[in-house]
Amino acid sequence: MMLFRLLSWPYLRRHLVRWILTVAGIVLGVGVFVAMHTANRSIFSAFDRTVDQIAGSTQLQVSAGEFGFDESVLERVQSVREVGIAVPVIEATVDTNIPGQGSILILGIDMTGDRNLRDYELKDADEAIMDDPLVFLAQPDSLMVTQEFAGRNNLTVNSKIPLSTIEGIQQFTVRGIMSSTGMTRAFGGNFAVMDIYAAQQVLGRGRRFDRIDVRAKDGITIDECQAALKATLGPSFDVDPPSARGRHFEALLQSYSTAMMISSLFALMVGMFIIYNSFAIAVTHRRAEIGILRALGATRGQIQRLFLLESIVAGTLGSVVGAVVGIAAALGIARWISRVLETAGGVAQRVSELQVDASLIALAIVAGTGTSVLAAWIPARNAARVDPVQALQKGKYQVLSVGENRRRRWIALAAFLIASVCLFFSYSKPFFYTGYVLMIGAGLLLAPALTLLLSKTLRPILKRILPAEGTLAADSLVEAPRRTSATVSALMLSLAMVVGFGGFAHSFYSSIQEWMDNALNPDFFVAPSENLATRSLTFPAEISSVIERVDGVDQVQVVRDARVTYHDVPVMVISIETEKVASTVHRTPVAGSLEEMNRLTAEGKGLFVSESFATNLKTKMGDVVELPTPSGLLKLPIVGIIRDYSDLRGSLFIDRSVYRDWWKDDTANIARVYVKKGENVEAVRQRVINTLSSQYRLLVLTNREVRDWIMKLLDQWFAMTYNQIVVAVLVAVLGIVNTLTVSITDRKRELGVMQAVGGLRKQIRWTVWIEALTIGVIGLILGTCLGAVNLYYTLGMIKRDLGGIGLDYIFPSAFMILMVPIILGAAWIAALGPAEAAVRGSLVEALEYE
Amino acid sequence: MISLTHVSKIFDGKRKATALENIDLHIEKGNVVSIMGPSGSGKSTLLNLIGGLDRPSSGDIRVDGENLSELSDDDRTRVRRDKIGFVFQFFNLLPTLNSLENVALPLHLRKWPRKKIEDRAKELLNLVQLDHRLEHLPDELSGGERQRVAIARALSVYPPILLADEPTGNLDTATGREILKLIDDLHSRLGSTVLIVTHDLEVAERCSRTVALRDGRIVEDRRR
């Protein structure tokens, strides 16, 4: 502690900016970690809370995926001896059409029976409703809203609210305002209750319910009731406690959560590199001080502890500030993610409060401090090993010994060989990830030797271009591989990440483009929802014939899709008019023949699945898929596997006739419309709108609009990736600033000599700039190579654990060409400060510096 | 050639330290002048001011007609690179450059053509009898050889002024004598004005004029 006070503290004060940057590295890592996890937790918690709040005293819920089921199921449930109360429910989020309010969660319930499960205490209501809730039912436009929602929108009893329904925007009347109870806080207070039969009509449910909420008879346990219901209803229905919906929601977002986890780990790793870089440089910078201390009798342990203590101080400070910053940013991130989820997945969510987990914060602080100590460990150990004589010789410490170089190369070679062997067993998760880590590790271990090699290779080129400045810049890198390689490694790793993410994005965009060209070729799409991903509203069966009768329409293909849980994985079942679709869509088969799969599916003898389904559910051609339906288990063999991006967890395609027969549902939620040749698409589209708009709520999107919508979704999804690229570039800049700051300190005398023998200020500046640009070039070369490897593993990881999507390996060449000016520009900007410092100092002092 | 008028140099710190006080000195073209004095007398500071490495706190310094006090940093550098050659006690060779590259450095900074640079550097290294050490790095040379490379570098543009700060201070006696002889030879061949800072009487005696400093003032100016 005494050494810390005497030596570290003055050093920190002298290099305050660098220390703030170091701490900023930890702030960044811990901040992103805390923000991502808190946001994730808040979203899940908001969903769980909403489920819990609207569950009332419900013990079990009977459901059949998003398709719902026929009204008759209610009687079967009520007939079960163990069931005490069973009430039907329809649940949907609809657009409020009130500026700034977004969507509202509508719970369609049977008011007469539902009060046994949920408490609808009214704060204010029509007198008649206060006396008799049946009056509420008699008026189909009735709505009860929460006190919070009413307050936010100045609503009173008998106020009108415009809601988007299947029949277009309809005015509903507030008949009651619910007192603040647990339930009214559901969905952030944007919650309303409607009569279930009115909900069936306005939400296009026909004579179907979304689920049945159940409470067991007194004296019957939940498990007994659940078992009895399962026995009665068979495997087609899910019978679970309300809390299970949270699990399904989490399963649905699994790939997203994994991506978030990788993001936060990446942020922590970035922080670790900044710390490593800063400490490596601090040790270099203070080599003389260490030498003197060692000469005066300080033990190796004392030196090591001194640096580790500094890392603990920096780590703890950075972690605490990072946790605060993370919590501050979490709500904004959670809301942004919720919006993405709602648009992309049709899963509406409203995060109004943060769920801060004390243990997560503690873990983040421990992880941040631990990361800091871990990152500082090697520099601290190196500091402790400093030979006092060598330490007092300028520059010696920067040299990588032959032995160390050789040892690194051997370890790298061993890591590379083991990683190569792992490739043969990459079907196994541990082998795949071990290989991945070892391959990246080998790259990092080789970085100093490769940096040296490239610096030496670049020297003659630089000498040719600018004989004095170029040579000195290259020599500075050659003479200090330790100093240079720390930054080059950080830059290389950052760029490898960038190539990985960029390559993934590029491959994904290319595949999506190909899929859109093949599968999304109708002239326009008609949907009853506010966007194509929302499935809470459906059209009746006749929509197809109504649109087909419109002048200029050539063909209509209706689609009904909904999410079901298959082997605990939420997947999308898409029913299509197979023959019609086959005549217009030519998909890319991954397995099986396109003609055969279309024929068998159309005949109801099979189904085809997306590649992601096959990967996630570990299924292959010929496997029989058992789908739970209201009519029992539908067993169909897989007759084809295709590339499809309708849903990231996986899609199953069945024929519409099969869907109708087994689900007893003939509604549709998307109509794909083809226009006759020679007809003006816009004119036909307008005619369809004119025909339907009086009866239905409509969303009619042209092919271009759908493509734009999908691309916008992709952009939102990848926005986080681009932020990581920005972080990666910032790390690189920070590393270069650090390296150059030490470099010009080490070369103070040389730069002084250069000025003494006639070097102008601009020539000194150019020397420093060229050094930075050379670091950039070396980082780009090594980063591109490691990135090419990283991309291979990233795509493997995507297929294996992030959605099961198989993507072609396409190296993002254009992207990397774009990175060249970005990295070189960043390197140059990083060099501006150190270059100015190099020319501003006293020349006499510089010449005397040793 | 070199003219100092009322030149003072005060170093600002927690306490002000006067390194030179009211110096008047005029050195004619072609002279070989030694500056002597004990440590801290201001002789190196004087050399740094004449070489344009530092600015005086007051007074004027004229080198070949140019008033250094009025010039910007870059203009002073231009004067230095065109008119002044520096030889340092610790050689100040760039450790990563070989002898040829070290001598060529000032010429590259002047953007001379490559061929001309190579010819001049070789010629100068030949002059200091190091034509067999062209590719050697400073680490691979003896002290005397390093100083010869430094002298060759200082003379690379045939400067009219050569400033040498303790050129033999880091060398053994025999090597020091060789270096002084070399400076004498070069002076007689090139006709440069030479200023040598030294505390070695033997060195001073070889010069045509000796200026002695003490506590930042000229206490003796002896011509031979």
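Between which helix and which strand of chain A does the loop with Lys664(A) lie? Lys664(A) sits in the loop that runs between α24 (656-663) and β21 (670-675) of chain A, where helices (H or I, at least four residues) and strands (E, at least two) are DSSP runs numbered from the N terminus. The model is a predicted one, with local features needing pLDDT of at least 70, side-chain atom pairs counting only at pLDDT 80 or more, and totals for chains, interfaces and linings using all residues. Residues are numbered from 1 along each chain as its sequence is written, while chains are lettered from A and ligands numbered from 1 in the order in which they are written.

Though not a glycine, Lys664(A) has a positive phi of about 55°. Lys664(A) counts as partly exposed because it has 17 C-beta neighbours inside 10 Å; the cut-offs are 20 or more other C-beta atoms within 10 Å for buried, 12 or fewer for exposed, and partly exposed in between, with C-beta atoms placed from the backbone. Over in chain B, Asn92(B) also has a positive phi, near 50°. Asn92(B) is found in the loop between β6 (84-87) and α3 (99-109) of chain B, and is buried, with 22 other C-beta atoms within 10 Å.

As for how the chains meet, 21 residues of chain B are in contact with 21 residues of chain A, contact being C-beta atoms, placed from the backbone, that lie within 7 Å. On the chain B side, α2 (73-83) and α3 each supply at least two residues.

Definitions and conventions
Two residues are in contact if their C-beta atoms, placed from the backbone, lie within 7 Å.
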